[in-house]
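Here are my notes on this model, as numbered points. Please read them with the structure open.

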Amino acid sequence: KKVRSYFSKLLPNNIVHLKNSAVAKKATSLYVIQFAEYIIPLIVIPYVVRVIGPAGFGQVAFCQGLIGYFVLFVDYGFSMSATRSISVHRENKTKINKIFSSTITSKLFLFTVGLIVLVLFSFISSKIKVNLPLMLVAYLGILGNIFLPIWLLQGLEDMGFLSIANVISKIIMVIGVFIFVNNDN
């Protein structure tokens, strides 16, 4: 107790009371998400490169890069516009339900259009055609992006659940990589 009292005297009052504030808790949740975003690749990438080799990792990186454009296409700015709309109408559950359903429906429509474009590109580009099975598996990850409505949780300012769900999904991904990635096939 003496140590705590000593440090409380050293810190300004607003910092001491900050630990109990809602803003501090939300900021901590965002820091947890960012920490997971940086640490997980440091664990996974060296293992994957060692197992599948540089050429195999190059194919995976190419597929991830291309699918990244489709992620941007399917997101279409909903992460900002829907988050803002949810935040503005936070108390109106009917309006939130309407925003949620229209956003999910729009994202699913864009997902379908993107899938058709990807398959059509496979007829034009030999690089995409060769990697199409891998691309389709990576493309399925966009569904996770659609059905984990981060924008909804950010609009409702429920960052605690978001950080827990994000970290758990990353841990499951790491476990899946170590279980299923055993050779270059």
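**Notes on the model**

1. Start with Phe121, which counts as partly exposed because its relative accessibility is 37%. Buried means under 20% relative accessible area, exposed over 50%, and partly exposed in between, with a 1.4 Å probe and protein chains only. Phe121 lies in helix α5. Helices here are DSSP runs of H or I, at least four residues long, numbered from the N terminus.

2. This is a predicted model, in which local features need pLDDT of at least 70, side-chain atom pairs count only at pLDDT 80 or more, and totals for chains, interfaces and linings use all residues. Residues are numbered from 1 along each chain as its sequence is written, and side-chain values use heavy atoms, without hydrogens or water.

3. Confidence comes next. pLDDT is the predictor's confidence in each residue, from 0 to 100. The chain has a mean pLDDT of 83, and 88% of its residues reach 70 or more.

4. Phe121 belongs to a nonpolar surface patch with Ile116, Leu120, Phe123 and Ile124. Together they have about 580 Å² of accessible area. Patch members have over 30% relative accessible area and no salt bridge, and nonpolar side chains are joined within 5 Å. Areas come from the Shrake-Rupley method with a 1.4 Å probe.

5. Now the interior. A nonpolar core is a set of buried Ala, Val, Leu, Ile, Met, Phe, Trp, Tyr and Cys residues joined through side-chain atoms within 4.5 Å. The largest one has 22 residues; among those touching the most other members are Ile67, Phe70, Leu118 and Tyr139. Elements giving two or more residues to this core include α3 (22-75), α5 (93-124) and α7 (132-147). The largest share, six residues, comes from α5.

6. What does Leu118 touch, leaving out residues up to four places away in sequence? Its contacts (heavy atoms within 4.5 Å) include Leu66, Ile128, Leu132, Met135 and Leu136. A second, separate core of nine residues includes Ala36, Val44, Val51 and Val177.

7. One salt bridge is found in the whole structure. The term means a side-chain nitrogen of Lys or Arg within 4 Å of a carboxyl oxygen of Asp or Glu. The pair is Asp75 and Lys107, with the closest N and O atoms 3.4 Å apart. Asp75 lies in helix α3 and Lys107 in helix α5, so the bridge ties together parts 32 residues apart in sequence. Both Asp75 and Lys107 are buried.

Key. Patches are made of residues with over 30% relative accessible area and no salt bridge: like charges are joined within 9 Å, nonpolar side chains (Val, Leu, Ile, Met, Phe, Trp, Tyr) within 5 Å.
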